[in-house]
Amino acid sequence: MMLRNIACSFTPARVKEVLEDAGFAGSFSFVYVPSVHTGRSNLGYAFVCFRTPEMAEECRRRFHGKVFGLANTKKICEVQEASVEKDLKAAARSCRRQRSGRNHGLLICDEVTTTAEADGTAAD
């Protein structure tokens with residue numbers, strides 16, 4: 001799923017925390033939050049790879065049309081499906097880059113990152 005209009009101050013760890021506090025702990029395999037080159041803020045959106053379509057839809061119900069997390073922002077979150085072929089595979093490639101230290105704004109939630117790319121079973 002793609003979460004748009006999140007607070008630009010949110011780090012990947014903060015996005016993960018908001019999701020877990022909302023009851024999604026263990027229901028996603030990774031979170032990718034692109035950041036500006038300086039690493040001081042994100043670009044206002046995040047990708048989340050949920051383990052099931054049901055959890056992805058629950059995320060949409062929970063956050064779409066509302067402020068994402070507790071932040072000093074009036075941005076209204078838009079939750080939409082991400083293109084599995086394009087967006088999530090690109091994010092999975094970024095996960096591997098983060099492990100080698102060449103990319104900012106990425107949090108590996110667990111080792112399942114490569115599974116989502118390899119077997120194509122990831123929900124949006």
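**Model.** This is a predicted model, in which I took local features only at pLDDT of at least 70 and side-chain atom pairs only at pLDDT 80 or more, while totals for chains, interfaces and linings use all residues. Residues are numbered from 1 along each chain as its sequence is written, and side-chain values use heavy atoms, with hydrogens and water left out.

**Confidence.** I looked up pLDDT, the predictor's confidence in each residue from 0 to 100. The protein averages 75, and 65% of the residues score at least 70. Among the elements, H2 has the highest mean pLDDT (95) and helix H4 (residues 113-119) the lowest (33). Over residues 97-124 pLDDT stays under 50, and the model has 72 contacts beyond four places in sequence for them; a contact is heavy atoms within 4.5 Å. Where pLDDT is low, predicted coordinates should not be read in detail.

**Fold.** I found four helices and five strands, in the order β-α-β-β-α-β-α-β-α along the sequence. These are DSSP runs numbered from the N terminus (helices H or I, at least four residues; strands E, at least two). Of the contacts with a separation of 6 or more, 66% join residues 24 or more positions apart.

**Helix pair.** Helix H1 (residues 12-24) packs on helix H2 (residues 53-63) at about 100°, with axes 11 Å apart. The axes are lines fitted to C-alpha atoms over the stretch in contact, and angles run from 0 to 180 degrees between N-to-C directions. H1 is therefore roughly perpendicular to H2 (65 to 115 degrees; under 35 is roughly parallel, over 145 roughly antiparallel, the rest oblique). From H1, Val18, Leu19, Ala22, Gly23 and Phe24 meet Met55, Glu58, Cys59, Arg62 and Phe63 of H2.

**Asn42.** I placed Asn42 in the loop between strand E2 (28-32) and strand E3 (45-50). Is Asn42 buried or exposed? Its relative accessibility is 4%, so Asn42 counts as buried (under 20% relative accessible area; exposed is over 50%, partly exposed in between; 1.4 Å probe, protein chains only). A polar atom of the Asn42 side chain lies 2.8 Å from the backbone oxygen of Phe10, and the side chain also reaches the backbone nitrogen of Gly44 at 2.5 Å. Beyond four places in sequence, the contacts of Asn42 include Ile6, Cys8, Val33 and Pro34.

**Lys16.** Lys16 is in helix H1 and is partly exposed at 23%. Its C-alpha atom is separated by 6.9 Å from that of Val31, 15 residues apart along the chain.

How values were computed. A polar contact is a pair of N or O atoms within 3.5 Å; within protein, one must be able to donate a hydrogen and the other to accept it, and residues adjacent in sequence count only if both atoms are side-chain atoms.
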